[in-house]
Amino acid sequence: MARVEIYTKAFCPYCHRAKDLLAKKGQAFDEYDITMGGPQRAEMIERAHGGTTVPQIFVDGQHIGGCDDMMALDRAGKLDALLHGQ
């Protein structure tokens, strides 16, 4: 399985949707809560090429975008292959 990293904030409905989809697929992920800002927020913005909204999702270091982007990959049948490194 791929390494998935997700930057989130508390009470963010899009963050919850993204995490629910990953859990449904049995995909483990590293979650970075940036609710209070700090150095991880700056790291996220740099890694996401200026993206400031949450969630920001990375698969094996590749930025795939936010919740809507991940859902679109799933609808297109591309997310499972990405998560399984294919």
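Visitor: Where does Thr-8 lie?

Guide: Thr-8 is part of strand β1, which covers residues 4–8. Strands here are DSSP runs of E with at least two residues, helices are runs of H or I with at least four residues, and both are numbered from the N terminus. Please note that this is a predicted model: local features need pLDDT of at least 70, side-chain atom pairs count only at pLDDT 80 or more, and totals for chains, interfaces and linings use all residues. Residues are numbered from 1 along each chain as its sequence is written, and side-chain values use heavy atoms, with hydrogens and water left out.

Visitor: Is Thr-8 buried or exposed?

Guide: Thr-8 is buried, as its relative accessible area is 2%. Buried means under 20% relative accessible area, exposed means over 50%, and partly exposed is in between, with a 1.4 Å probe and protein chains only.

Visitor: Which side chain forms a polar contact with that of Thr-8?

Guide: The side chain of Glu-31 does, at 2.7 Å. A polar contact is a pair of N or O atoms within 3.5 Å; within protein, one must be able to donate a hydrogen and the other to accept it, and residues adjacent in sequence count only if both atoms are side-chain atoms.

Visitor: What else does Thr-8 touch?

Guide: Leaving aside residues up to four places away in sequence, the residues touched by Thr-8 include Cys-15, Tyr-32, Ile-34 and Val-54. A contact means heavy atoms within 4.5 Å.

Visitor: Where is Cys-15, then?

Guide: Cys-15 belongs to helix α1, residues 13–24. Cys-15 is buried, at 1% relative accessibility. Beyond residues up to four places away in sequence, Cys-15 touches Thr-8, Lys-9, Val-54 and Pro-55.

Visitor: You mentioned Val-54 and Pro-55. What kind of peptide bond joins them?

Guide: A cis peptide bond joins Val-54 and Pro-55, with omega about 0°. Pro-55 sits in the loop between α2 (39–47) and β3 (56–59).

Visitor: What about His-49: what is its phi?

Guide: His-49 has a positive phi of about 55°, although it is not a glycine. His-49 is also in the loop between α2 and β3, and it is exposed, with a relative accessible area of 70%.

Visitor: And where is Asp-60?

Guide: Asp-60 is in the loop between β3 and β4 (62–65). Asp-60 likewise has a positive phi, about 50°, without being a glycine. With a relative accessible area of 52%, Asp-60 is exposed.

Visitor: Let us step back. How many helices and strands are there in the protein?

Guide: The protein has 4 helices and 4 strands. Along the sequence they follow the pattern β-α-β-α-β-β-α-α. The radius of gyration is 12 Å, close to the 12 Å that the globule rule gives for 86 residues, so the protein is as compact as a globular protein of that length. That radius is taken over C-alpha atoms, and the rule is 2.2 Å times the number of residues to the power 0.38.

Visitor: How much of the protein counts as buried?

Guide: Of its 86 residues, 37% count as buried.
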